[in-house]
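Biologist: I am new to this structure and would like to learn how to read it. Could you take me through it feature by feature?

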Amino acid sequence: MKNRIKITTFLLVLILLLTAVFGGTSVFAANSTYQKVADLNGKVIGVQTSTLYEEEIMDRCPDSKIMYFTMPPDMINALKGGKVDAYLIEEAGYYEHYKNHPELTVVPENGGDCRGTVAISGKDKQKEARLLFELNEFIAKHKEDGMLDEMYDYWIKGFDANTSVCKEVTYTGENGELRVGVEGAYEPFSFVSFGKDSGFDVDFVQRFCAEYGYIPKFDRVAFEQIAPGVETGTYDLGMNIILSDERDDAVTLTDVYYECGIFLVVLDDEYVSTTNFIESIKNNFHNTFIKEDRWKMFAQGAGLTTLITLASILFGTLFGFLLYIACRKGNKIANGFASVYNWLIDGMPTVVLLMILYYIVFGSTRVSATIVSIIGFTLIFTSSMFDMLSVGFNAVGKGQVEAACALGYSDSQSFFKILLPQAAHHFLPIAENEVVTLIKETSVAGYITVMELTKISDLVRSRTYQAFFALISTAIIYFLISGILTRLIRVLEKKIDPKRRSKDKILEGVVIEE
Amino acid sequence: MIELRHVRKEYEDVTPLEDINITINKGDVISVIGPSGTGKSTLLRCINMLEEPTSGEIIVDGQVINDGKCDLNEVRKKMGMVFQSFNLFGHLTVIENIMEPQMTLLGRSKQEAYEKAMDLLYTVGLATKVYNYPSDLSGGQQQRIAIARTLAMDPEIILFDEPTSALDPSMIGEVQSVIRLLAKTGVTMMIVTHEMDFAKKIANRVIFMDEGGIYEDGTPKQIFENPQRDKTRKFIHRLSSIDFNINNEEFDTYGAISKINDYGDRLLIEPERMQNLTTCFEEICINNLLQMTEEPDIRVNIEYSEKKDLLNMNITYSGEHFELESSTNEAFLQVLNAPDTKYLDRVITDDSDEIRNRINMTFIWEEI
């Protein structure tokens with residue numbers, strides 16, 4: 001009965017959301033068309049974090065407020081929702097936006113020019129010098145023979161998300177592996193198609209690697225983290241770093257490998273929607289799940305989220321127990337360590353902890369991001385497990401331990417036979433909440449390139465430019481995973497509750513004479 | 001059987017046990033009594049090493065157990081302990097509380113453990129509570145189960161640490177009668193208690209603890225009826241007393257009277273009798289003696305003996321003698337001449353030139 005109410009409420013909310021999202025697509029605030037960049041002075045302008053495009057227009061729009069976005073699809077939604085009046089995007093990206101959102105248009109005057117380069121890690125000076133030489137040679141050579149222009153036309157001017165593919169190459173690999181940081185959700189430069197990396201940047205790297213004997217390994221990471229990742233040596237190369245005065249000093253950049261205009265995108269007030277409600281839902285659903293078998297990506301993301309969660313629970317429980325056992329007898333070193341450890345872990349946002357682990361602690365090693373995230377969440381769960389055990393064991397009266405001791409129980413006998421069964425009763429209900437928190441926290445693992453569920457939904461959204469199904473299905477999957485895990489804990493809770501045993505069970509195997 | 005040699009226990013701020021020497025023989029039923037904070041419980045907890053003595057030796061069956069080499073768990077299996085707060089295992093039923101230690105520690109089979117447990121449940125009169133959890137039981141019932149749990153281990157000695165202190169007065173009896181039953185079976189016991197009557201009747205040996213050690217050790221008859229040492233005597237007679245020194249004119253009369261009344265309340269002395277006492281105190285000390293000199297030196301001692309049911313007030317003062325009968329206070333004179341007030345008024349001249357006077361008043365109470 002209770003469940004039915006829950007489901008009904010859920011469906012109602014879903015329908016309301018659907019209407020709000022799709023119903024809203026055809027209704028626009030009437031916007032007079034802007035003719036010059038300066039017309040947008042004082043307005044709110046969106047820009048993708050770390051592209052630094054805003055610097056190009058600051059001279060003409062000194063009073064404008066800048067809003068920063070991680071992904072282009074978010075900027076489109078912000079523009080449509082009226083949160084920004086315009087946003088900046090390079091010419092190449094705009095074509096793709098327009099294809100999916102015909103209600104967009106651009107201010108005739110260009111915002112500026114963007115010149116893309118490749119960042120090279122300076123961790124290994126020799127390697128840095130060699131890569132810089134090789135990449136500049138590659139760029140110079142193919143500017144000359146027209147290959148880069150050809151690629152630019154193919155990927156940017158004539159881009160078609162359904163048909164454009166990277167050139168087939170074969171790697172000889174004699175010079176080893178190259179780790180390359182790409183945005184991954186950034187058509188047409190780098191995106192995921194049929195579960196594989198594709199796009200102008202990817203094509204560029206693959207051709208380079210084939211020619212110079214490397215094997216590329218792509219990491220999809222938020223744009224603003226590419227440069228820092230290159231700096232710490234997590235990546236050998238970072239793609240699509242836009243040339244600016246400030247950046248030149250921090251990391252080594254190659255020559256420019258593509259150049260294009262920066263557009264100011266605004267809403268076209270003359271546009272009239274032609275698609276109807278049902279059709280746009282169908283279209284959205286198809287794009288999100290069916291096209292390119294994207295449901296498989298969701299399945300993989302959900303799998304990875306579950307894996308990270310379960311592994312962290314397993315190891316966290318183990319280490320939490322060990323830590324608690326070490327601290328139980330009041331050992332000063334162990335307790336000192338535990339309090340510093342808890343203070344550190346509790347005081348740090350999960351994202352920061354993960355980034356420190358990925359970019360600094362394991363920065364120059366080749367430990368995979370998934371392993372790093374499992375380590376990070378294990379550290380977090382160890383801390384909460386330790387707290388839970390402290391609460392649970394403290395709830396059992398000291399007197400019982402003393403009584404067991406006086407009877408002649410050894411320390412471990414009293415721990416396992418007297419303390420643990422009672423403590424579990426106290427800490428399992430807390431564990432339920434901690435596990436749910438953990439599952440939700442894993443959504444930030446995407447920051448360190450882990451392809452978990454939230455990251456997958458970001459990637460899909462960056463392809464479809466449609467947020468609804470991607471986000472709602474992601475939320476539902478999180479609900480399912482946490483629902484299953486909390487149900488499991490509850491079963492365990494009932495199973496080990498001594499007070500739920502039947503009378504027969506208590507004296508099982510005893511002959512009772514009346 | 002158990003011998004303690006020069007056992008000392010120090011904590012950071014107090015030293016409850018300074019130097020304990022005692023031998024516990026097989027069959028002894030020892031009551032440990034004494035004022036609060038004199039280390040009675042600490043002594044008991046040192047015997048089974050729940051508290052580790054700072055120095056000294058504890059010898060059980062010829063073996064020193066506090067040298068760090070001894071397997072304490074083996075020694076503890078032979079010593080039962082019953083706690084003030086029962087400490088039953090909360091997640092186990094009554095029967096399991098009694099069975100579990102037997103199975104885990106003595107290796108008895110489930111069947112054996114069950115039979116032993118049922119026997120004991122009959123002994124303590126709780127055979128109907130087999131499947132109950134400790135939280136379902138009253139304090140008195142829990143303590144009886146705790147005693148049964150201890151007995152199931154067939155201990156050579158049982159240490160009772162204030163077994164009835166946490167109980168409602170109505171439940172003290174049921175627990176005491178179980179312990180009395182045990183005492184008759186010849187098992188060696190040591191009981192820390194505040195119930196003097198119980199301590200006296202159950203024991204064949206009484207230890208009075210004070211001044212960080214065993215102050216007096218003897219048979220119940222010796223300790224309760226003819227104590228040899230001062231503090232024992234005071235304790236047994238509940239002769240705790242209150243004293244005042246009145247040596248200046250700003251004496252806090254109201255504070256003193258309220259202190260006297262608190263004392264009366266604490267010892268359950270009849271309010272009328274206390275009223276008589278305070279009337280006399282006020283009239284003699286405050287209204288007369290204090291007014292007669294500029295340098296007062298008055299000492300007042302009030303004590304009550306529960307055993308003899310006597311309330312005494314002794315007033316000693318120097319200087320001019322005050323004639324009690326010369327008072328004009330009607331209420332005071334009435335008390336003074338009442339049949340249940342006895343007094344003695346003397347002048348003592350000792351070696352010094354100073355004249356001292358002593359008034360001794362006793363207030364009796366007759367049930368009407």
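Modeller: What follows is a conversation about the domains, the chain contact, and some strands, helices and residues.

Modeller: This is a predicted model, in which local features need pLDDT of at least 70 and side-chain atom pairs count only at pLDDT 80 or more, while totals for chains, interfaces and linings use all residues. Residues are numbered from 1 along each chain as its sequence is written, and chains are lettered from A and ligands numbered from 1 in the order in which they are written.

Biologist: Into which domains is chain A divided?

Modeller: Domain bounds come from an automatic or database domain assignment. Here chain A is divided into domain 1, residues 113-266, and domain 2, residues 292-499, and the C-alpha centres of these two domains of chain A lie 37 Å apart.

Biologist: How many residues of domain 1 of chain A are in contact with domain 2 of chain A?

Modeller: Two residues are in contact if their C-beta atoms, placed from the backbone, lie within 7 Å. By that rule, 21 residues of domain 1 of chain A are in contact with 15 residues of domain 2 of chain A. On the domain 1 side, two or more residues each come from β7 (191-193), β9 (215-220) and α8 (223-232) of chain A, where helices (H or I, at least four residues) and strands (E, at least two) are DSSP runs numbered from the N terminus. The largest share of that side, four residues, is given by α8(A).

Biologist: What is the strand order in the open sheet of four strands in chain B?

Modeller: Strands of a sheet pair through backbone hydrogen bonds, either parallel or antiparallel. In this analysis, two strands pair if DSSP finds at least two bridges between them. The order in chain B is β2-β1-β4-β5, with antiparallel pairing. At the edges stand β2 (17-24) and β5 (63-64) of chain B, each with a single partner strand, so one side of each is left without a neighbour in the sheet. Strand β4 (residues 55-60) of chain B pairs with β5(B) over two bridges in the antiparallel sense, and Ile59(B) stands opposite Val64(B) in β5(B).

Biologist: Which way do the residues of strand β7 of chain B point?

Modeller: In a regular strand the side chains alternate between the two faces of the sheet. In β7(B), Ile157(B), Leu159(B) and Asp161(B) point one way, Ile158(B) and Phe160(B) point the other way, and all are buried. A residue is buried if 20 or more other C-beta atoms lie within 10 Å of its own, exposed if 12 or fewer, and partly exposed in between, with C-beta atoms placed from the backbone. Strand β6 (residues 79-82) of chain B pairs with β7(B) in the parallel sense over four bridges, and Met79(B) stands opposite Ile157(B). Strand β8 (residues 188-192) of chain B is also paired with β7(B) in the parallel sense, over five bridges, and there Leu159(B) stands opposite Met190(B).

Biologist: Is Leu40(A) buried or exposed?

Modeller: Leu40(A) is buried, because 21 other C-beta atoms lie within 10 Å. Leu40(A) is found in the loop between α1 (2-24) and β1 (44-48) of chain A. Leu264(A) is 224 residues from Leu40(A) in sequence, and the two are 9.4 Å apart in space, C-alpha to C-alpha. By contrast, Asp497(A) is partly exposed, with 14 other C-beta atoms within 10 Å.
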